[in-house]
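Subject: Structure for you to look at

Dear colleague,

I am passing on the structure below, and after it I have set out what was found there. Please read the notes with the structure open beside them.

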Amino acid sequence: MVSQMEDRGKPGENMYELVIRSLAISFVSDACRSGRPVTDKIDAIFEKVEQVRHISSYDVAGELGIDHKTVLAHLKKAGYIKKVDIWLPHELTERNLMSRVLICDSLLRRNETEPFLKKLITGDEKWITYDKNVRKRSWSKAGQASQTVAKSGLTRNKVMLCVWWDWKGIIHYELLPPGRTIDSEV
């Protein structure tokens, strides 16, 4: 047997590696496994996801007794992806929706008889971020590299912009000094 292995060996391979490799090959076999195959649980995976859209792959795997990576593989194969839900402050009932429509309609009718919408002034604040990156040009000869300048850090400067407007447009705006915020004195 040793002479047969020496004939089959690769250059640079020692005898022990060759024996271990031949023994490992002879012991590996496709024996029948106990339990149901995972493929029988594919429909159960999709059923759980359809019932509860927010269920995690770990929860599905735990309930079905399979690996969560298997769950992910089957969901991905079927075209499922994890998406962030659209956030709503709350869901409106039919009554709330009709109430909003009636209020808006009454306000529009009131505006036709007594124009009050043109008297409204609205204000808002917004943080504006900006960078003070100043890039200068320098003279250099053709073929010579330009000068190097260190790039500024990731911290950005910010200033608060306060804007007030009416139906015609912007009435007033103000940039607050750095470190100052809106309070009763501004």
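Arg53 and Glu50 join their side chains in a salt bridge, with 3.2 Å from N to O; the term is used when a side-chain nitrogen of Lys or Arg is within 4 Å of a carboxyl oxygen of Asp or Glu. Arg53 is exposed, at a relative accessible area of 52%, whereas Glu50, at 43%, counts as partly exposed. Here buried means under 20% relative accessible area, exposed means over 50%, and partly exposed is what lies in between, with a 1.4 Å probe and protein chains only.

Before going further, please keep in mind that this is a predicted model, in which local features need pLDDT of at least 70 and side-chain atom pairs count only at pLDDT 80 or more, while totals for chains, interfaces and linings use all residues. Residues are numbered from 1 along each chain as its sequence is written, and side-chain values use heavy atoms, with hydrogens and water left out.

By the rule above, the count of salt bridges comes to three. Another of them links the side chains of Glu63 and Lys48, at 2.8 Å from N to O. Since Glu63 lies in helix H4 (residues 57-64) and Lys48 in helix H3, this pair ties together parts that are 15 residues apart in sequence. Lys48 is partly exposed, with a relative accessible area of 22%. There is also a salt bridge between the side chains of Asp105 and Arg109, again given from N to O, at 2.8 Å; both residues lie in helix H6, four residues apart, which is about one turn of the helix. Asp105 is partly exposed at 36% relative accessible area, and Arg109 is partly exposed at 48%.

As for the overall make-up, the protein has six helices and three strands, and from the N terminus on its elements run α-α-α-α-α-α-β-β-β. Helices (H or I, at least four residues) and strands (E, at least two) are DSSP runs, numbered from the N terminus. Of the 186 residues in the protein, 12% are buried.

How do helices H3 and H5 pack against each other? Helix H3 (residues 42-51) and helix H5 (residues 68-77) pack at an angle of about 80 degrees, with their axes 10 Å apart, and they are therefore roughly perpendicular to each other. Their contact is made by Ile42, Ile45, Phe46 and Val49 of H3 together with Val71, His74 and Leu75 of H5, where contact means heavy atoms within 4.5 Å. The axes are lines fitted to C-alpha atoms, for helices over the stretch in contact, and angles run from 0 to 180 degrees between N-to-C directions; those under 35 degrees count as roughly parallel, over 145 as roughly antiparallel, 65 to 115 as roughly perpendicular, and the rest as oblique.

Ser57, in helix H4, counts as buried at 13% relative accessibility. Leaving aside neighbours within four places in sequence, Ser57 is in contact with His68, Val71 and Leu72.

Val101, by contrast, is found in helix H6 (residues 94-113) and counts as partly exposed, at 46% relative accessibility.

With kind regards
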